[in-house]
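Keep the viewer open as you read.

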Amino acid sequence: MTAQILTQDYLHTLFDYKDGELYWKVRPANCIQIGDKAGCLDTNGYYKIRINKRMYGTHRLIFAMHHNYFPKQIDHIDRNPLNNRIENLRDATHAENQWNTLKNQRNTSGYKNVLWRKDKKKWACRFRVNGKDIMRGSFNTAEEASIYAEQLRKELHGRFAT
């Protein structure tokens, strides 16, 4: 393959899309047959495809094939990086993409956005808004804080709230 700008039309000459997967319509290498599933799994759990000596996230290529542009970030709505169905992909800012995550692995409360305030000996909710951490609430139990955190996520994060 010769170097070419990745346009929607060019991607459609390279791939067929079916159920979140891309299949080769051309033979970019001798070891690849027309109809082969394109891509391989990277160490971060995302499928990648080499085009013109450069690696691309399969989800990015699928998004561009359907929407005719490459956004800065793409959010997997169900948080599964292996589910590249177009219905599961949406344009997102970095912050929106971060909002649609599971609780942090270092979380000790068991609830997303809930932490123990040693200084107050109470549970509270912490969120990042416009690059700043904000602390809200003062609760006797982590469960109470979790209920409040869920309400705040819906208010602050809208359709990216999880």
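Strands β3 and β4 (residues 47-51) run antiparallel and are joined by 2 bridges. Two strands count as paired here if DSSP finds at least two bridges between them, while helices (H or I, at least four residues) and strands (E, at least two) are DSSP runs numbered from the N terminus. Leu41 sits opposite Tyr47 of β4.

Zoom out a bit and you get an open, antiparallel sheet of 3 strands, ordered β3-β4-β5. Its edges are β3 (40-41) and β5 (54-57), each pairing on one side only. Helix α2 (residues 58-67) packs on this sheet, touching β4 and β5, and its direction makes about 75° with that of β5. Contact means heavy atoms within 4.5 Å; axes are lines fitted to C-alpha atoms, for helices over the stretch in contact, with angles from 0 to 180 degrees between N-to-C directions.

## What kind of model this is

This is a predicted model: local features need pLDDT of at least 70 and side-chain atom pairs pLDDT 80 or more, whereas totals for chains, interfaces and linings use all residues. Numbering starts from 1 along each chain as its sequence is written, and side-chain values use heavy atoms, leaving out hydrogens and water.

The largest nonpolar core has 20 residues, and Leu11, Phe15, Leu22, Ile49, Ile51 and Leu61 have the most contacts inside it. Such a core is a set of buried Ala, Val, Leu, Ile, Met, Phe, Trp, Tyr and Cys residues joined through side-chain atoms within 4.5 Å. Buried means under 20% relative accessible area, exposed over 50%, and partly exposed in between (1.4 Å probe, protein chains only). Helix α2 gives the largest share of this core, 5 residues.

Leaving aside neighbours within four places in sequence, Leu11 is in contact with Leu6, Ile51, Leu61, Ala64, Met65 and Phe70. There is also a second, separate core of 9 residues, including Val114, Phe139, Ala145 and Leu152.

## A buried aspartate

Now look at Asp75, in strand β6 (residues 73-76). Is Asp75 buried or exposed? Asp75 is buried, with a relative accessible area of 1%. Its side chain makes a polar contact of 2.8 Å with that of Arg90 and another, at 2.9 Å, with the side chain of Asn100. A polar contact is a pair of N or O atoms within 3.5 Å; within protein, one must be able to donate a hydrogen and the other to accept it, and residues adjacent in sequence count only if both atoms are side-chain atoms.
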